[in-house]
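Biologist: I'm new to this structure. Can we go through it together?

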Amino acid sequence: MTTQDLAGPGGVAVLDTPLSPIEQWRARPADQQPDWPDPVELRDVVAELAACPPLVDARECDRLRDRLAVVARGEAFLLQGGDCAELFDEVTAEAVHGKVRMLSQMAAVLAYGASKPVVRVGRIAGQYAKPRSRPFETVDGRTLPVYRGDAVNGQAFTERAREADPGRLRRMYEASATTLNLIRMATATGGAGGADLRALNRAFAASTTGRRHRRLTGEIDRALGFLGASGVSPATLGAAEQFTSHEGLLLDYETSLTRLDPLTGRHYATSGHLVWIGERTRALTGAHVDYFAAIANPIGVKLGPTARPDDVLALIDKLDPAREPGRLTFITRMGADQVHSRLPDIVDRVSRSGSQVVWVCDPMHGNTFSTASGVKTRHVEDVLAEIAGFFAVHRALGTHAGGIHLELTGAEVTECVGGGITVEDLASRYESACDPRLNRSQSLELAYRVADLMR
Ligand code: PEP
Ligand code: MN
């Protein structure tokens, strides 16, 4: 019997063989792992995935780490965005290209505002597993396990759909591979907004919201025109690199796709370029921190209002002992009402410790509320207020506001309030499987307003 047979997620391994560094997490408590009903089936799927080709290459991960090192120095800006939860059914060329185009267009606007290159990272091609606040949910007196993302179970409120199914991990790999192929197609041909960035900017300028940003849209139009006239092909702009990221929540899945890189002798998670640790799984002695310490990818850690400066310093020691430039990104999500009181101490202590990390603002997860009828939503103005607070805190401390992390989509859904969408409108096109996302117009308007903040 091997250690893997004995160690269940969240359980404590009975050590009869030494664990490899990437499996040492099995000896620690792992939060938010599914209750897989059939451990033999899980083991078979994991073994199958372990024999599959990597989804991303270690050198691509290194390249993102280099890009993030530039962000940490304040010479580039990070735009990270995508769905709260991707869905297997939404792996279509149209949906994926819509998201890539969205990021591409926003990146162009932000690059103009910041006068810096924008590093684009999608919450995409792997964002299939969700941490939940409660393990069960009750509807009309009936209680079932919560939906934990397409990687684990189904959304339908039936016993069958809600049972964790290890076969979904294989589908997660396949959906990620297909999505990655669509992203690589879009960037290879410049088709993801390259040729039409100027047209997209003009279309926005002509819209009702766009008219409020006449000065900026006009400047961007002239800048794009100048680039074209100077011989810079607009396709080159659209062909900018697009990296992938997701929350590295399911440790069995992540471990099965972790590969030893012969060039560096280090392990890489090959499920995506950047993986992050969520707010609910960042315990210092927990399994997630252990696994993340063993991989060489650039990594993120979410920090909510309960994060203490001492814990943040301890996370740096564990996750980035060599202080590698670009290795560690802190994604802060304090909420608009707490960003001014919670963020300064953390940033100040880290900066005085001499560590250079990337600071990114997630203005979504600290600003979620439920309407009177129980619909989960966010107000665009709260999102903007947290971003403004984030910039203000970093400006006051002389540190770099490195980027923003958003939940958004390329379609005109109605999940967040603001930009013409009222609480009453939410029901008309609410499609998110988990948290509410900014729609296409809200995302664009936000990009223009953030660009204004950075000028
Ligand atoms: C998320 O990013 O969807 C998420 C669950 O965030 P957090 O871990 O910050 O709550
Ligand atoms: Mn979310």
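**The metal site and the interior**

Biologist: Is His 365 buried or exposed?
Modeller: His 365 has a relative accessibility of 18%. With a 1.4 Å probe and protein chains only, under 20% is buried, over 50% exposed, and in between partly exposed. So His 365 counts as buried.

Biologist: And what pLDDT do side-chain atom pairs need to count?
Modeller: Residues are numbered from 1 along each chain as its sequence is written, chains are lettered from A and ligands numbered from 1 in written order, and side-chain values use heavy atoms, without hydrogens or water. This is a predicted model, where totals for chains, interfaces and linings use all residues, local features need pLDDT of at least 70, and side-chain atom pairs need pLDDT 80 or more.

Biologist: Which residues are the protein donors of the manganese ion (ligand 2)?
Modeller: Donors are N, O and S atoms within 2.8 Å of the metal (3.2 Å for Na, K and Ca), and sites may look incomplete as water is not among the atoms. Here they lie 2.2 to 2.5 Å from the ion, and they come from Cys 84 (SG), His 365 (NE2), Glu 407 (OE) and Asp 435 (OD).

Biologist: How far apart in sequence are the parts that His 365 and Glu 407 tie together?
Modeller: His 365 sits in the loop between strand 11 (358–361) and strand 12 (368–370), while Glu 407 belongs to strand 14 (residues 403–407). Strands here are DSSP E runs of at least two residues, numbered from the N terminus. So this pair links parts separated by 42 residues.

Biologist: What is the relative accessible area of Glu 407?
Modeller: Glu 407 is another buried residue. Its value is 0%.

Biologist: Which residues in the largest nonpolar core touch the most other members?
Modeller: A nonpolar core joins buried Ala, Val, Leu, Ile, Met, Phe, Trp, Tyr and Cys residues through side-chain atoms within 4.5 Å. In general, nonpolar side chains in soluble globular proteins tend to be buried together. Of the 66 residues in this core, the ones touching the most other members are Leu 79, Leu 303, Leu 319, Phe 330, Ile 404, Leu 406 and Leu 446.

Biologist: Take Leu 446: what is it in contact with?
Modeller: Contact means heavy atoms within 4.5 Å. Setting aside neighbours within four places in sequence, Leu 446 is in contact with Met 106, Val 383, Leu 384, Ile 387, Ile 404, Leu 406 and Leu 438.

Biologist: How many residues are in the second, separate core?
Modeller: That core includes Ala 58, Phe 88, Tyr 128 and Ala 186. Its size in residues is 34.

Conventions. Helices (H or I, at least four residues) and strands (E, at least two) are DSSP runs, numbered from the N terminus.
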